[in-house]
Amino acid sequence: MPLFLEEREALDAAQLDQFAESGYLVLPGLLSETLRNRLVPEVDRWVDEGLRARSIASCVDPVTHEPPPVMELELPGHGELLTHRLLMRALADLMGPSFVFHHLHSDRQSPDIAGKPWHHDYEPNDRADPSLLMVHALHYLGGLDKTVGSLAVLPGSHRESVGKTALVHLGTAGLPGEVVIDRLPAGSTVLLNSALFHTRRPAPDGPGRPRYFVDASYCQVGARWRPVKPYWRQMLARARELNLDHGRWPELFADRHFTEYTRTT
Ligand SMILES: [Fe+2]
């Protein structure tokens, strides 16, 4: 029975507990080789043709908020990734059936890129309700190993109510209680409670290979969230046009879950 198969593929109780307690969950090899083989050339194009640079908020016209010529979710593999069936099921298990897409970023990080200091990525909502979840799906298309570098997380830190950059002065230093995720097969996904502190560390033995990294985030409905892209309305409209939710997730691309864009820097 299809329904049974879908139920069987949902997160189990141990995974739900792990996410609630620790604030993260690793889904090794979530993405098929077929999908990865479509995504990697899309990421290359996104970077090499300057589309990524043009998509960054600071490069967008501050008056017209005109989107770049192509948005990530218009790349077919990225559109599929955004609403990947198993990912949607996992998100529904974590947040309930009503959640909204927040943003999608795609990058091919250079082997010699510096680490990213400790931070979290939780965006505010207009009810200032910290119980509403925001979840980031971090997709490592080529996996993680000593040639790519690692992700470190600080389990339980999602319960602290502090600013995104409260630990930035620590750089990428090792912290007591941290968990280092440094070995993942290709196509693995890490689900983060967006309020969880985490850091990106470079390859330990110097530049190795690029990190193909796509992150997408989703928010529980129940308040209006702050958008991070000036052209967020066009982005959601395009997702609806492309029917990326296949008619299954009515809140996923709904404008009403957002406040107006305001430049933060
Ligand atoms: Fe982050």
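A cavity is a set of grid points where a 1.4 Å probe fits but cannot get out, and its lining residues have an atom within 4 Å of a point. All views below show a predicted model.

**View 1. The second largest cavity has a volume of about 40 Å³.** Its lining consists of Phe101, His102, Pro227, Val228, Lys229, Trp232, Met235, Leu236 and Phe258. By class, seven of these residues are nonpolar, one is polar and one is charged. Strand 2 and helix 7 (232-241) each supply at least two residues of this lining. Helix 7 gives the most, with three residues.

**View 2. The largest cavity has a volume of about 80 Å³.** The structure holds two cavities of 30 Å³ or more. Around the largest cavity are 13 lining residues, and Ser110, Pro111, Ile113, Val148 and Arg211 lie nearest its centre. The lining divides into five nonpolar, four polar and four charged residues.

**View 3. The largest pocket contains about 1,100 Å³ of space.** It is lined by 38 residues; those nearest its centre are His103, His105, Lys116, Asp121 and Val228. Several elements each supply at least two lining residues, among them helix 4 (51-55), strand 3 (116-119) and strand 9 (211-220). Strand 2 provides the largest share, five residues. Sorted by class, the lining has 15 polar, 12 charged and 11 nonpolar residues.

**View 4. The second largest pocket has a volume of about 330 Å³.** Tyr122, Pro130, His158, Glu160 and Ala195 are the closest to its centre, out of 16 lining residues. The lining of this pocket has seven nonpolar, six polar and three charged residues.

**View 5. The iron ion has protein donors from His119, Asp121 and His198.** The donor atoms are NE2 of His119, OD of Asp121 and NE2 of His198, and they lie 2.1 to 2.2 Å from the ion. Along the chain, the donors follow the spacing H-x1-D-x76-H. Both His119 and Asp121 are buried. Asp121 is also one of the residues nearest the centre of the largest pocket.

**View 6. Thr199 is found in strand 8.** Thr199 counts as buried because its relative accessible area is 0%, and the cut-off for buried is under 20%. Its side chain reaches the backbone oxygen of Lys116 at 2.5 Å. Leaving aside residues up to four places away in sequence, Thr199 touches Lys116, Pro117, Trp118, Ser150, Leu151, Ala152, Gly171 and Thr172. Strand 8 (198-201) supplies at least two residues of the lining of the largest pocket.

Note on methods:
Residues are numbered from 1 along each chain as its sequence is written. This is a predicted model: local features need pLDDT of at least 70, side-chain atom pairs count only at pLDDT 80 or more; totals for chains, interfaces and linings use all residues. Side-chain values use heavy atoms; hydrogens and water are left out. On a 1 Å grid over the protein atoms alone, a cavity is a set of points where a 1.4 Å probe fits but cannot get out, and a pocket is an open set with protein on both sides within 12 Å along at least five of seven lines; lining residues have an atom within 4 Å of a point. Grid points are joined across faces, edges and corners, and a volume is the space filled by probe spheres set on the points. Helices (H or I, at least four residues) and strands (E, at least two) are DSSP runs, numbered from the N terminus. Ala, Val, Leu, Ile, Met, Phe, Trp, Tyr, Cys and Pro count as nonpolar, Asp, Glu, Lys and Arg as charged, and the others, Gly among them, as polar. Buried means under 20% relative accessible area, exposed over 50%, partly exposed in between (1.4 Å probe, protein chains only). A polar contact is a pair of N or O atoms within 3.5 Å; within protein, one must be able to donate a hydrogen and the other to accept it, and residues adjacent in sequence count only if both atoms are side-chain atoms. Contact means heavy atoms within 4.5 Å. Donors are N, O and S atoms within 2.8 Å of the metal (3.2 Å for Na, K and Ca); water is not among the atoms, so sites may look incomplete.
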